[in-house]
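Hello,

Here is the structure we talked about, with the sequence. My notes on it follow below.

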Amino acid sequence: MIRRLGYACINMIHSDPTLVKKADRVTTNRTCRLATFQQLGMDHIKSLVLDNARDLHTILEWNETQGIRLFRLSSDMFPFLAHPEVGYDISDLGPEISEALAKCGEFIAKHDHRISSHPGPFNVLASPSPNVVDNTIRELDAHPAIFDAIGFSQNHNSKINIHVGGAYGDPDAALDRWCTNFARLSPSAQARITVENDDRASLYSVRALYDNVYKRTGVPIVFDYHHHIFCTGGDSEADALALAISTWPSGIVPTTHYSESHELHVGNDKPTPKHSILINALPDPHGHTIDVMIEAKGKEQALLPHQTSAMRNRDWWSAEADA
DNA sequence: ATAGGTCAAGCGAGG
DNA sequence: CCTCGCTTGACCTAT
């Protein structure tokens, strides 16, 4: 059974520049260039973050009206949060921002929304470059600060999801480095990290993650249905899903990712990793209870046609959540 | 107002 | 060798 559907970072109907005037956009993704920061200073970043934080609340309210209680927080919400030179503490941004973030946290708790994050592809714990690893650790350790400022529980319900990041011609050595460097993360980051299977055969299948990451670190695996097509590790979809689900702690509904191939949507025969704008179907939960993050260019517009009345029905999902 | 070039950041695939 | 795609386009300047 699919418990919830969610979408990532952007609400199209409230932010698409072809639909909404720039001044009226509701978005958590306001950022700036380094040059602009150097010109305008921290006051500019504070202004961007405050607008982002207030708009997050608006998006969450809209999600609630649609029965959408799964959402991915953009890591762009706090520009340069973990930048080697610019980096700052959220608590230093002032009471106005702290209050706006806490207000989001209260809404999330009250309506039982589930919020996650997915830091960018620059986060490579497996990198042979010490500098890349240092930057990654700084970035990943910054995410619990975001979650704490808003007020999420410190577990995999609000996950920080990443990929292993690279193979460098020697996947085993890369996996060793990943596990070694994982131990350097703060405990609050470690408690929330998940790993996701890759969309290329040269990288990491669910099976590879299970054997080389989960067994050594206990880090749960996020199953991406679409990626699995390109990197099966020899497992069927049902087997890979079951293996990934087995890595999740009890009491936390496993999250999965679902998307469809853009190439198939435009009439070509060969699927590629590129995401389609909308989706034609929902994935098969193969008898498990899962949450599904829809990764489609159309964001909530891809999700909405697939919301069932049961998903919109508060009584139903509350009962399920309690079960 | 809009179009086009640019932007902190890593990696691998494809042309 | 360069561009794209990924997690997620958005910023900024010129016209």
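**Helices H8 and H10**

Helix H6 (171-182), strand E5 (193-196), E6 and H10 are among the elements that cover the buried residues of H8. Please keep in mind that this is a predicted model.

The residues of H8 that are buried are Val206, Ala208, Leu209, Tyr210 and Val213. Glycine 218 comes after H8 and has a positive phi, near 75°.

H10 covers part of H8, and H8 (206-217) in turn is one of the elements over the buried residues of H10. The others include strand E6 (221-224), helix H9 (225-230), strand E7 (255-258) and strand E8 (290-294). In H10, which runs over residues 237-245, the buried positions are Ala240, Leu241, Leu243, Ala244 and Ile245.

**Chain A as a whole**

Chain A holds 14 helices and 8 strands. Its radius of gyration is 19 Å, close to the 20 Å that the globule rule gives for 323 residues, so chain A is as compact as a globular protein of that length. The C-alpha trace spans about 50 × 50 × 40 Å along its principal axes.

Of the 323 residues, 52% are buried. If one takes contacts between residues at least 6 apart in sequence, 75% of them join residues at least 24 apart.

Regards

How values were computed
Residues are numbered from 1 along each chain as its sequence is written. Chains are lettered from A and ligands numbered from 1 in the order in which they are written. This is a predicted model: local features need pLDDT of at least 70, side-chain atom pairs count only at pLDDT 80 or more; totals for chains, interfaces and linings use all residues. Side-chain values use heavy atoms; hydrogens and water are left out. Helices (H or I, at least four residues) and strands (E, at least two) are DSSP runs, numbered from the N terminus. The radius of gyration is taken over C-alpha atoms; the globule rule is 2.2 Å times the number of residues to the power 0.38. Buried means under 20% relative accessible area, exposed over 50%, partly exposed in between (1.4 Å probe, protein chains only). Contact means heavy atoms within 4.5 Å.
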